[in-house]
Amino acid sequence: MLDNRGFDLWANGYDKSVELCEEDNEYPFAGYKDVLGTIYNIIHKKEKIRILDIGFGTGILTKKLYDDGYEIYGIDFSERMIEIAKEKMPLAKLIQYDFSKGLPKGMGNIEFDYIISTYAMHHLEDKDKIKFINKLNERLSRDGEIIIGDIAFETRELLEQCKINTGEWDDGEVYFVFDELKEIFPKGNIIFTPISHCAGVIQIKKIY
Ligand SMILES: C[S@@+](CC[C@H](N)C(=O)[O-])C[C@H]1O[C@@H](n2cnc3c(N)ncnc32)[C@H](O)[C@@H]1O
């Protein structure tokens with residue numbers, strides 16, 4: 001699993017390496033563009049709103065939302081990723097923080113209409129994902145939503161199938177299994193949209 005320095009080193013070549021892997025329809029980034037596009041389409045129907053992006057990286061998705069006029073906050077622990085994203089989104093509030101520790105105190109009690117995260121939360125263990133999602137839920141505005149686009153599978157069998165078919169599986173990463181995640185949250189609050197053989201979008205409506 002990469003730490004912040006690992007992501008610093010990856011930052012300059014990140015967009016290109018994701019693009020190549022995406023084009024070959026290979027794990028881990030098969031479906032990447034459609035994952036980001038699906039999230040963009042959900043949000044972009046709404047009026048100007050406040051969005052928090054967890055692990056925004058080079059800001060591929062966030063930049064599109066920023067250009068549309070949404071108020072952007074973001075958290076990432078890689079200095080270089082933040083530099084690249086800051087150049088594209090000078091007015092966004094981008095904070096250097098390790099989300100495995102939760103949310104930065106400096107964010108006060110700001111509420112967000114959408115909290116999004118793409119290809120970042122698989123760096124948390126499953127139990128920590130749930131704790132973190134519950135923390136994020138507290139920061140959603142009324143009728144707000146968490147949208148996670150990531151390496152994700154409907155069932156554990158599909159994950160195992162993908163692992164067998166994949167040459168270079170990263171055992172340090174912990175991928176979402178929707179069947180298991182949905183048991184934790186109230187029925188009707190969580191939905192999954194499969195995007196490729198190894199990716200999907202999870203939407204979790206504010207839980208009261
Ligand atoms: C694979 S990149 C994804 C970037 C972007 N969201 C995308 O979809 O292209 C993962 C990002 O999450 C950040 N990240 C990973 N673990 C983190 C942590 N514990 N705290 C803060 N940022 C983290 C990395 O620095 C990196 O920018």
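## Helices H2 and H3

H2 and H3 cross in a right-handed sense. A crossing is right-handed if the near helix is turned clockwise from the far one by less than a right angle, and left-handed if anticlockwise. H2 covers residues 32-44 and H3 residues 60-67; their axes come within 10 Å and cross at roughly 25°. That makes H2 roughly parallel to H3. Angles under 35 degrees count as roughly parallel, over 145 as roughly antiparallel, 65 to 115 as roughly perpendicular and the rest as oblique. Axes are lines fitted to C-alpha atoms, for helices over the stretch in contact, and angles run from 0 to 180 degrees between N-to-C directions.

From H2, the contact uses Leu 36, Ile 39, Tyr 40 and Ile 43; from H3, Ile 60, Leu 61, Lys 64 and Leu 65. Contact here means C-beta atoms, placed from the backbone, within 7 Å. The contact residues divide into 7 nonpolar, no polar and 1 charged. Ala, Val, Leu, Ile, Met, Phe, Trp, Tyr, Cys and Pro count as nonpolar, Asp, Glu, Lys and Arg as charged, and the others, Gly among them, as polar.

## Model and overall fold

This is a predicted model: local features need pLDDT of at least 70, side-chain atom pairs count only at pLDDT 80 or more, and totals for chains, interfaces and linings use all residues. Residues are numbered from 1 along each chain as its sequence is written.

The chain has 7 helices and 8 strands. These are DSSP runs numbered from the N terminus: helices are H or I with at least four residues, strands E with at least two. The C-alpha trace spans about 45 × 40 × 30 Å along its principal axes.

## Helices H1 and H4

H1 (residues 4-23) packs on H4 (residues 79-88) at an angle of about 35°, with the axes 6 Å apart. H1 contributes Phe 7, Asp 8 and Ala 11; H4 contributes Glu 79, Arg 80, Met 81 and Ile 84. This contact holds 4 nonpolar, no polar and 3 charged residues.

## The loop between H1 and H2

Asn 25 lies in this loop. Its phi is near 55°, a positive value in a residue other than glycine. Pro 28 is in the loop too. The Tyr 27 to Pro 28 peptide bond is cis, with omega near 10°.

## Around the ligand

The ligand has 17 residues around it; Gly 55, Gly 57, Phe 77, Ser 78 and Thr 118 come nearest. A residue is near if its C-beta atom, placed from the backbone, lies within 6 Å. The shell divides into 9 nonpolar, 6 polar and 2 charged residues.

Notes: Contact = placed C-beta atoms within 7 Å.
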